[in-house]
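Please keep the sequence and the model in view while going through the points below.

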Amino acid sequence: MLIKSKKFERRISLNRKTRDGILSFCKMNHPNEGILILRGKSKRGNLLIDGLVVPPFSETGADFAGFPHNPLPLDPSYVGIVHSHPIGSAEPSLTDLNNFFGLISIIVKSPYEDDDLFGWDSDGNEIPINIV
């Protein structure tokens with residue numbers, strides 16, 4: 001018996017205050033990368049992101065940002081991560097894709113303005129971001 005699974009077209013809805021927090025965090029950490037955990041809810045392919053968490057024991061530098069996943073509590077509201085790319089494009093690197101966490105990744109490129117946020121899935125496909 002074949003089971004058809006519906007493939008949802010993923011969309012990201014980002015709360016305005018959360019977007020402002022992301023941009024402020026990236027600007028504060030420049031010229032180093034910054035990294036945060038995204039909190040929200042996923043329903044039928046639409047992710048509503050309404051909160052941020054600073055990951056414990058995170059490490060950042062000019063060309064890397066990461067954190068160990070084992071000290072994190074099991075929290076179903078963690079839907080992905082956001083990190084900055086101080087130099088270059090907002091496309092995910094191979095390292096970004098290999099260290100994917102959650103359902104989505106948002107990459108913010110310098111100069112960290114409203115149009116500098118880009119959403120990605122674990123395959124490196126771009127996901128549109130709507131500000132709500």
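Is Arg 19 buried or exposed?

1. The structure under review is a predicted model. In this model Arg 19 counts as buried, because its relative accessibility is 7%, and buried means under 20%.

2. Side chains of opposite charge can pair when their charged atoms come close. Arg 19 forms a salt bridge with Asp 20, with 3.0 Å from N to O. Asp 20 is partly exposed, at 36% relative accessibility.

3. Arg 19 also meets Asp 114 in a salt bridge, here with 3.8 Å from N to O. Arg 19 belongs to helix α1 (residues 16–29), whereas Asp 114 sits in the loop between β7 (104–109) and β8 (117–120), so the pair ties together parts that are 95 residues apart in sequence. Asp 114 is partly exposed, at 44% relative accessibility. Through shared partners, Arg 19, Asp 20 and Asp 114 are joined into one network of salt bridges.

4. The count of salt bridges comes to five. Among them is the pair of Arg 11 and Glu 9, whose closest N and O atoms are 3.2 Å apart. Arg 11 is partly exposed, with a relative accessible area of 36%, and Glu 9 is exposed at 58%.

5. A separate point concerns the largest pocket, which has a volume of about 290 Å³. It is lined by 18 residues, and those closest to its centre are Ala 65, Gly 66, Thr 95, Asp 96 and Asn 99. Two or more lining residues come from each of β5 (65–66), β6 (78–85) and α2 (94–98); β6 gives the most, with three residues. By class, the lining has seven nonpolar, eight polar and three charged residues.

How values were computed:
Residues numbered from 1 in each chain as written. Predicted model: local features only at pLDDT ≥ 70, side-chain atom pairs only at ≥ 80, totals over all residues. Heavy atoms only, no water. 1 Å grid on protein atoms, 1.4 Å probe; cavity = no way out; pocket = protein on both sides within 12 Å on 5 of 7 lines; lining within 4 Å. Points joined across faces, edges and corners; volume = space filled by probe spheres on them. Helix = DSSP H or I, 4+ residues; strand = E, 2+ residues; numbered from the N terminus. Nonpolar A, V, L, I, M, F, W, Y, C, P; charged D, E, K, R; others polar. Salt bridge = Lys/Arg side-chain N within 4 Å of Asp/Glu carboxyl O. Buried < 20%, exposed > 50% of the residue type's maximum accessible area, 1.4 Å probe, protein only.
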